[in-house]
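I opened a new structure today and kept notes as I went.

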Amino acid sequence: MSDITNAYNDSSRPLKHHEELYLPPHLRELKTERNRSKKVWQRFRDPTSKNLFNSAQARFRNAMSEFNQIKNIMISLYTDDTAILSQGKTPDIAIVPLQNYLKNLEAWLVRWKIKLNVDKTEAILFNKKNDEWPKVKVYGTPIKWKKEVKYLEGCSG
């Protein structure tokens, strides 16, 4: 397991056997289409249903590869708090996918007309050295690096 997966498992309720990590609705629809076409092919074993299954499988794989384009990123969402975790052997390696993710997030927020309070946005870096940390920006505004951040403030559990 990756460090991100371990951190997620340590900080979250474990997934039950019937649960999955979040998939956007369009990916769930493609997955359902793929699974249905697979069942049809398995039942009838004819070339037409095999072709339909192959094309559905290709569409699902392409969509998933686009969705997973940013590797080593994990998201933990709550009603009004979000934690985006990135990992790498060095801070620079961890920051690149994080910044790419934040650019995609910015576009998504604009598309859905959701406003992000950049002033309340904070970043924390877990590493052994206290070197100069690379800048991370949201909407062109640098995010403040902190030694300690609060997540899910006021939430008991």
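I began with a term: a nonpolar core is a set of buried Ala, Val, Leu, Ile, Met, Phe, Trp, Tyr and Cys residues joined through side-chain atoms within 4.5 Å. Buried means under 20% relative accessible area, exposed means over 50%, and partly exposed lies in between (1.4 Å probe, protein chains only). The model is predicted, with local features needing pLDDT of at least 70, side-chain atom pairs counting only at pLDDT 80 or more, and totals for chains, interfaces and linings using all residues. Residues are numbered from 1 along each chain as its sequence is written, and side-chain values use heavy atoms, with hydrogens and water left out.

**Inside**

I looked up the largest nonpolar core and found 10 residues: I73, I95, L98, Y101, L102, V118, A123, V136, V138 and I143. Helix α4 gives the most to this core, with 4 residues. Helices (H or I, at least four residues) and strands (E, at least two) are DSSP runs, numbered from the N terminus. I also noted a second, separate core of 5 residues, with L27, L30, F60 and A63 among them. Nonpolar side chains tend to be buried together in soluble globular proteins.

Next I checked I143 for contacts (heavy atoms within 4.5 Å). Beyond four places in sequence, I143 touches L102, T121, E122, A123, V136, K137 and V138.

**A charge in helix α4**

I then turned to E106, which is in helix α4. Is E106 buried or exposed? E106 is buried, and it has no salt bridge. A salt bridge needs a side-chain nitrogen of Lys or Arg within 4 Å of a carboxyl oxygen of Asp or Glu. The nearest side chain of opposite charge, K103, is 5.0 Å away. Lys and Arg count as positive, Asp and Glu as negative; His and the chain ends are not counted. Leaving aside neighbours within four places, E106 contacts K137, V138 and Y139.

**Loops**

I found Y139 in the loop between β4 (137–138) and β5 (141–142). Y139 is not a glycine, yet its phi is positive, about 55°. It is partly exposed because its relative accessible area is 34%.

R45 sits in the loop between α2 (25–44) and α3 (47–67). Its phi is also positive, near 50°, and R45 is not glycine. R45 counts as exposed because its relative accessible area is 52%.

I114 is partly exposed because its relative accessibility is 38%.
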